[in-house]
Amino acid sequence: MSCSILDYCIYYKYQNGQGGDFMPFQIVRNDITKMKVDAVINTANPNAVYGRGTDQAIYEAAGRDKLLAARQKIGTLQVGEAVVTPGFRLPAKYIIHNAGPVWEGGDRGEEEKLELCYENCLRLAAKKKFKSIAFPLISTGTYGFPKKI
């Protein structure tokens, strides 16, 4: 899988393994489907369907049928909502699925919705006691969000 589809990942890892409110991060250019972390973030379609971009890459690497079945059990996601499934064939143990906002020009609360996406993923990761997670740039592909705000 080309990095150009997956772009930059934000890689979070607990330094001391204790968790807490602070999680240092690195920005790396890598194929998120190859990252050996506790969880990768999937920029999921709100509906349980096989999407494009990062979503497609994750489904193909994890095993499309198993991942789709797990995602269908969860159902529809609201923008910002974060849910978890197993990682199946990925090096990551889990996948956190997150429905990002569609860019509509910037005056419809898109930035706040995007912030909620990252916050909810981090909250879920902390709740599950994940020590390392990898984010793609949520909503910057198919949903048209600018990479620089």
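Against which elements do the buried residues of α3 pack? In this predicted model, they pack against β3, α2 (54–62), β4 (82–86) and β5.

View 1. Helix α3 spans residues 64–74, and L67, L68, A70 and R71 are buried in it. An α-helix has 3.6 residues a turn, so residues three or four places apart point the same way. The exposed residues D65, K66 and K73 are carried by the face of α3 turned away from its buried side. Just after α3, G75 adopts a positive phi of about 90°.

**View 2. The largest nonpolar core.** This core contains 15 residues, of which I41, I96, C121, F130, I133, F135 and I138 touch the most other members. At least two residues of the core come from each of β3 (39–44), α4 (110–127) and β6 (132–135). Helix α4 gives the most, with six residues.

**View 3. The surroundings of P101.** Residue P101 is located in the loop between β5 (94–99) and α4. Its relative accessible area is 2%; P101 is therefore buried, the cut-off being under 20%. Beyond its neighbours within four places in sequence, P101 is in contact with V79, E110, K113, L114, C117, S139, Y143 and F145. Q78 stands 23 residues from P101 along the chain, and the C-alpha atoms of these two residues are separated by 9.5 Å.

Methods: Residues numbered from 1 in each chain as written. Predicted model: local features only at pLDDT ≥ 70, side-chain atom pairs only at ≥ 80, totals over all residues. Heavy atoms only, no water. Core = buried A, V, L, I, M, F, W, Y, C linked by side-chain atoms within 4.5 Å. Buried < 20%, exposed > 50% of the residue type's maximum accessible area, 1.4 Å probe, protein only. Helix = DSSP H or I, 4+ residues; strand = E, 2+ residues; numbered from the N terminus. Contact = heavy atoms within 4.5 Å.
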